[in-house]
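Student: I have a model open and want to go through its fold piece by piece. Can we start with a sheet and work outwards?

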Amino acid sequence: MLSAMTKTLLALLIIFSLFHVPAFAVKKKSYIVYLGSHSHGPEVSSLALKRVAESHHELLGSFLGSHEKARNAIFYSYDRHINGFAAVLEEEEAEAISKHPNVISVFLDKGKKLHTTHSWEFMQLEKDGVIPSSSLWSKARLGEDTIIGNIDTGSCNTGGNVSCNRKLIGTRYFNKGYLVSAGLKSNSSFESARDHDGHGTHTLSTAGGHFVRGASVFGVGNGTAKGGSPMARVASYKACWPPVNGSECFDADILAAFDMAIHDGVDVLSVSLGGDPADYFADGIAIGSFHAVKHGITVVCSAGNSGPAPATVSNVAPWILTVAASTLDREFQSFVQLASGERFKGESMSKALPAGKMFSLTTGAQAKLANASAIDAMLCKEGTLDPHKAKGKIMVCLRGNSSRVEKGRQAAQAGAAAMILCNDKASGNDITADPHFLPATHINFFDSQALFSYVNSTYLEPMGTLTAPAAAFGIKPAPYMANFSSQGPNTVTPGILKPDVTAPGVDIIAAYTREQSLSGLEFDHRTTAFYIESGTSMSCPHVAGVAGLLRTMHPSWSSAAIRSAIMTTARTRDNRVSPMLNGSYVKANSFNYGSGHIRPNRAGDPGLVYDLTVNDYLDFLCAVGYNQTMIKLFSESPSYKCPKEASIVDLNYPSITVPKLTGSVTVTRKLKNVGSVGTYAANVREPHGVSVKVEPSVLKFDRVGQVKSFKMTLKPKWVAKDYAFGGLTWSDGKHYVRSPIVVSIA
């Protein structure tokens, strides 16, 4: 078991390969048959694993007519902690199996996506794993929180001639679900956990990479790189591959990866992927993460990149720590300087224009080919720009429809000297520093409107230039929410607030693979050891890194206590001490950021925590309507019984959400003292239109570990049409234990 090797082991459950693959239509499809838990002891024998597989063959064979047909249909038997199997079935067969008394659920493996903004920007990036040769996996100076001695690096399926070490202690890959869904036979490109893309290396290095001096992207943003838990040992579990019908990661492989990660004894799992919100027993991440949490593992997942639309947040199970994305106070600035004297701030990682020289400006529509539409040319689509009109000028392109970097390529091929990428209204203030093919910068919607006005209306020839990209710090306002970050409310269980927190997810520099070009486009041959990425894929490992630190600082804390510490110490104000804003510079709320933006130092000493046990989660499942039989199979505890009055609002969650409030509702919570002896007083910020009363309003703690409960009664003052947001803070003068309150009035 890997848990014997180190106090903190971070693992990454996302990672991917290189070649675009067409979908393969078949009548039979991949289904997950979920049976609950195994009750193996600490050490499981190969004979016991064989018996599990035989039991799966026997069950499926009773529906298919023979054991042989069952063996041919099953391609995964989950045999260690998760009980179930993945098989190729017809819809009628799946429906019949779902009626078996020992079956919790049977669901179609629809697949999931990575949560980077490359896919959100319509780029076809093929995702991959981890590059073992990255300097962030240095085995030197691992630190005092690791156990020194003989270390078994476990399975290390990296491919090539690079092995694991005392930092990167294991890699595994899982491809059977992908191959079945894609209708492919395996080959060498699918038999490795090696990173051919960069996403896995980027996210795992963000969570647990070692200190590396002189990290930069082509000299921009130079500094020392490190992960959130730089002294932790790390492992990767590759469960995602090239897109098939828009999906990169399949539940069959995700469950296999979870099952093995639990067996390996990891402490924290960072999962930067997700799908549409689904029933908890029809979601591989929800199932796998529950089994992980049962074994003391903290599971951190990305919230998704489907913002700014509401009700888009994914990974909403209450045992998951769900992370939104927001900005840092750092930008990679490249300014647009117009001959008129106007100056617009943009962001870029591209090369610079010659200093002191002005260039003519033209829009894509003005430089269009005769047979091209003005709309397509304004988007700088392939085959729309006239080289005679573009040569030597700065091309102004509108964002959308094609990737940001692809627009720059089209401008460069048309002979443009540079590009200004302009946001549309939907993109608002969400701008990104990209390594464009030519000098370029990206400006927000408001400045874009002013730029278009100048280019289209000036009597003189419009002229301008771009300043060289440079890192700037102390940017205000910061943080603010990324426009792409998925938002609440939670569509599966509205009484649980999601996301839980937000963390840096915009323009994050981390390790990258040299086996993939910067843009992911075939003609781009530029590579770098570090790269800049955006997405909730990037914010998720920030929080996973913090969870790793807390695990080392407080080894007795449960995963719920770690989540509580991170949530209740988060902030909702920016560096101007004003309320955080969304991507359109409008005041954000808890559906954007959950409890707020993380503060790792505060999380180490939260004072009080809202703790939860596995039975609390089982009570929650009873409250949302799962029956006793299903939960017994799920829980691995034959003695468990659903409480008679299970309530969602009484789950001891660090946030308080009451949808469709009618009359009076009383919510119960328990606080555990994990700090010093002290007396805490409650302070309430009432949601608009709701009265809130807390009893008792003072809690006195005489010892560490002491638990005290309180009740909160909420009553509507008047009928409201939308959600209202407030907060509860318990404080002893030193600690501030904050919980958001979210209410809608029916």
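**Sheet, helices, cores and loops**

Tutor: This is a predicted model.

Student: Staying with H8, at what angle does its axis cross that of H17?

Tutor: Roughly 150°, and the axes of H8 (residues 284–294) and H17 (residues 614–623) come within 10 Å.

Student: Which residues make the contact?

Tutor: H8 supplies Phe290, Val293 and Lys294, while H17 supplies Val614, Tyr617 and Leu618. By class, that contact has 5 nonpolar residues, 1 charged and no polar.

Student: New topic. In the largest nonpolar core, which residues touch the most other members?

Tutor: Trp319, Ile566 and Leu621, in a core of 85 residues. H7 gives the most to this core, with 9 residues.

Student: What is Leu621 in contact with, leaving aside neighbours within four places in sequence?

Tutor: Tyr280, Phe281, Trp319, Tyr626, Ile631 and Phe634. Another core, of 25 residues, lies apart from the largest one and includes Leu661, Tyr680, Val690 and Val743.

Student: What feature does UniProt place at residues 650–743?

Tutor: The unreviewed UniProt entry has "domain: Subtilisin-like protease fibronectin type-III" there. In the model, the span is 0% helix and 64% strand, and its end C-alpha atoms lie 15 Å apart.

Student: Now the loops. Which residue is joined to Pro696 by a cis peptide bond?

Tutor: Glu695, with omega near -10°. Pro696 is in the loop between strand E32 (690–695) and strand E33 (698–701). A cis bond also joins Ala478 and Pro479, where omega is about -5°. Pro479 belongs to the loop between strand E24 (470–473) and strand E25 (501–504).

Student: What about Asn245, where is its place?

Tutor: In the loop between strand E11 (240–244) and strand E12 (247–249). Asn245 has phi near 50°, a positive value in a residue other than glycine.

Student: Is Asn245 buried or exposed?

Tutor: Exposed, because its relative accessible area is 70% and the cut-off for exposed is over 50%.

Student: And Asp507, buried or exposed?

Tutor: Buried, at 3% relative accessibility. Asp507 has a positive phi too, near 55°, and lies in the loop between E25 and strand E26 (508–511).

Student: Last one. Where is Ser340?

Tutor: In the loop between strand E17 (330–338) and strand E18 (343–347). Ser340 counts as partly exposed, at 43% relative accessibility. Ser340 and Leu460 are 120 residues apart in sequence, but 10 Å apart in space, C-alpha to C-alpha.

Conventions. Residues are numbered from 1 along each chain as its sequence is written. This is a predicted model: local features need pLDDT of at least 70, side-chain atom pairs count only at pLDDT 80 or more; totals for chains, interfaces and linings use all residues. Side-chain values use heavy atoms; hydrogens and water are left out. UniProt positions are given in the numbering used here, feature names are shortened, and annotations may be inferred rather than shown by experiment. Helices (H or I, at least four residues) and strands (E, at least two) are DSSP runs, numbered from the N terminus. Axes are lines fitted to C-alpha atoms, for helices over the stretch in contact, and angles run from 0 to 180 degrees between N-to-C directions. Contact means heavy atoms within 4.5 Å. Ala, Val, Leu, Ile, Met, Phe, Trp, Tyr, Cys and Pro count as nonpolar, Asp, Glu, Lys and Arg as charged, and the others, Gly among them, as polar. A nonpolar core is a set of buried Ala, Val, Leu, Ile, Met, Phe, Trp, Tyr and Cys residues joined through side-chain atoms within 4.5 Å. Buried means under 20% relative accessible area, exposed over 50%, partly exposed in between (1.4 Å probe, protein chains only).
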